[in-house]
Amino acid sequence: RLLCRVNLEAEGMAVVEAGDGPSGLEQARTTRPDVILLDVMMPGLDGPQTLRQLRADPATSAIPVIFLTAKVQLSERRQLRELGAHGLIAKPFDPMVLAQQVTEILDGAA
(Lines give C-alpha, C1' and ligand atoms only; values in the text may rest on other atoms or scores of the structure.)
Protein backbone atom coordinates (compact mmCIF):
# COMPACT_ATOMS: atom_id res chain seq x y z
CA ARG A 1 0.00 0.00 0.00
CA LEU A 2 2.84 2.39 0.81
CA LEU A 3 4.37 2.01 -2.66
CA CYS A 4 1.01 2.64 -4.31
CA ARG A 5 0.22 5.64 -2.12
CA VAL A 6 3.61 7.30 -2.55
CA ASN A 7 3.61 6.91 -6.31
CA LEU A 8 0.02 8.01 -6.82
CA GLU A 9 0.48 11.02 -4.54
CA ALA A 10 3.61 11.92 -6.52
CA GLU A 11 1.31 12.12 -9.56
CA GLY A 12 -0.95 14.55 -7.68
CA MET A 13 -3.65 12.06 -6.71
CA ALA A 14 -5.32 11.99 -3.30
CA VAL A 15 -5.18 8.52 -1.74
CA VAL A 16 -7.34 6.93 0.96
CA GLU A 17 -6.20 3.57 2.33
CA ALA A 18 -7.82 0.56 3.96
CA GLY A 19 -6.04 -2.49 5.36
CA ASP A 20 -8.67 -5.10 4.58
CA GLY A 21 -11.81 -5.80 2.57
CA PRO A 22 -14.39 -4.71 5.16
CA SER A 23 -12.53 -1.44 5.84
CA GLY A 24 -12.19 -0.89 2.11
CA LEU A 25 -15.94 -1.27 1.63
CA GLU A 26 -16.60 1.25 4.38
CA GLN A 27 -14.06 3.71 2.90
CA ALA A 28 -15.63 3.32 -0.55
CA ARG A 29 -19.10 4.00 0.81
CA THR A 30 -18.05 7.09 2.76
CA THR A 31 -15.45 8.67 0.46
CA ARG A 32 -16.78 7.57 -2.95
CA PRO A 33 -13.34 7.46 -4.62
CA ASP A 34 -12.84 7.94 -8.35
CA VAL A 35 -10.93 4.62 -8.62
CA ILE A 36 -10.42 1.69 -6.26
CA LEU A 37 -7.30 -0.47 -6.14
CA LEU A 38 -7.88 -3.95 -4.73
CA ASP A 39 -5.43 -6.69 -3.97
CA VAL A 40 -6.74 -10.13 -4.90
CA MET A 41 -5.57 -11.52 -1.55
CA MET A 42 -6.67 -9.33 1.38
CA PRO A 43 -7.64 -10.10 4.96
CA GLY A 44 -11.29 -10.08 5.96
CA LEU A 45 -12.71 -10.26 2.45
CA ASP A 46 -10.54 -11.08 -0.53
CA GLY A 47 -10.51 -8.84 -3.58
CA PRO A 48 -13.17 -10.70 -5.61
CA GLN A 49 -15.53 -10.83 -2.60
CA THR A 50 -14.98 -7.12 -2.01
CA LEU A 51 -15.66 -6.35 -5.67
CA ARG A 52 -18.90 -8.36 -5.57
CA GLN A 53 -20.08 -6.26 -2.62
CA LEU A 54 -19.01 -3.02 -4.29
CA ARG A 55 -20.98 -3.94 -7.42
CA ALA A 56 -24.05 -4.94 -5.37
CA ASP A 57 -24.23 -1.55 -3.63
CA PRO A 58 -25.78 1.24 -5.74
CA ALA A 59 -23.52 3.77 -3.97
CA THR A 60 -20.33 2.04 -5.17
CA SER A 61 -21.41 -0.04 -8.16
CA ALA A 62 -20.02 2.34 -10.81
CA ILE A 63 -16.61 3.01 -9.24
CA PRO A 64 -13.84 1.62 -11.48
CA VAL A 65 -11.70 -1.08 -9.85
CA ILE A 66 -8.12 -2.08 -10.68
CA PHE A 67 -6.77 -5.30 -9.22
CA LEU A 68 -3.19 -5.79 -8.07
CA THR A 69 -2.23 -9.45 -8.01
CA ALA A 70 0.67 -11.87 -7.95
CA LYS A 71 -1.56 -14.34 -9.80
CA VAL A 72 -1.76 -13.62 -13.50
CA GLN A 73 -3.32 -16.71 -15.02
CA LEU A 74 -5.63 -16.12 -17.97
CA SER A 75 -8.54 -17.75 -16.13
CA GLU A 76 -8.12 -15.35 -13.20
CA ARG A 77 -7.96 -12.34 -15.51
CA ARG A 78 -11.18 -13.48 -17.17
CA GLN A 79 -12.90 -14.04 -13.81
CA LEU A 80 -11.94 -10.59 -12.51
CA ARG A 81 -13.15 -8.91 -15.72
CA GLU A 82 -16.44 -10.82 -15.49
CA LEU A 83 -16.85 -9.54 -11.92
CA GLY A 84 -16.46 -5.99 -13.21
CA ALA A 85 -12.77 -5.14 -12.84
CA HIS A 86 -11.53 -2.37 -15.11
CA GLY A 87 -7.90 -3.43 -14.98
CA LEU A 88 -5.38 -5.86 -13.58
CA ILE A 89 -1.74 -5.14 -12.77
CA ALA A 90 0.60 -8.03 -12.02
CA LYS A 91 2.99 -7.86 -9.07
CA PRO A 92 5.72 -6.93 -8.96
CA PHE A 93 4.76 -3.90 -11.00
CA ASP A 94 6.30 -0.71 -12.25
CA PRO A 95 4.75 2.14 -10.22
CA MET A 96 4.53 4.22 -13.38
CA VAL A 97 2.27 1.56 -14.93
CA LEU A 98 -0.05 1.87 -11.95
CA ALA A 99 -0.22 5.67 -12.20
CA GLN A 100 -0.72 5.45 -15.96
CA GLN A 101 -3.62 2.98 -15.66
CA VAL A 102 -5.31 5.04 -12.94
CA THR A 103 -4.92 8.18 -15.06
CA GLU A 104 -6.37 6.43 -18.12
CA ILE A 105 -9.40 5.33 -16.15
CA LEU A 106 -9.86 8.80 -14.68
CA ASP A 107 -9.59 10.27 -18.18
CA GLY A 108 -12.11 7.75 -19.53
CA ALA A 109 -9.57 6.10 -21.83
CA ALA A 110 -9.69 2.64 -20.24
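Visitor: Which residues of helix 1 (residues 2-10) are buried?

Guide: In this predicted model, the buried residues of helix 1 are Cys4, Asn7 and Leu8. Buried means under 20% relative accessible area.

Visitor: What puts them on the same side of helix 1?

Guide: Their arc around the axis. Cys4, Asn7 and Leu8 cover only 95 degrees, so they lie on the same side of helix 1.

Visitor: What do the buried residues of helix 1 pack against?

Guide: Three elements: strand 1 (36-39), strand 2 (65-69) and helix 5 (95-106).

Visitor: Which exposed residues does the face turned away from the buried side carry?

Guide: Leu2 and Ala10. Exposed means over 50% relative accessible area.

Visitor: Which residues make the contact?

Guide: Helix 2 contributes Gly21, Leu25, Ala28 and Arg29. From helix 3 come Thr50, Gln53 and Leu54.

Visitor: How do the residues of this contact divide into nonpolar, polar and charged?

Guide: Three are nonpolar, three polar and one charged. Leu and Ala count as nonpolar, and Arg as charged. Gly is among the polar ones by this definition.

Terms used. Residues are numbered from 1 along each chain as its sequence is written. This is a predicted model: local features need pLDDT of at least 70, side-chain atom pairs count only at pLDDT 80 or more; totals for chains, interfaces and linings use all residues. Side-chain values use heavy atoms; hydrogens and water are left out. Contact means heavy atoms within 4.5 Å. Helices (H or I, at least four residues) and strands (E, at least two) are DSSP runs, numbered from the N terminus. Buried means under 20% relative accessible area, exposed over 50%, partly exposed in between (1.4 Å probe, protein chains only). The arc is that of the directions from the helix axis to the C-beta atoms.
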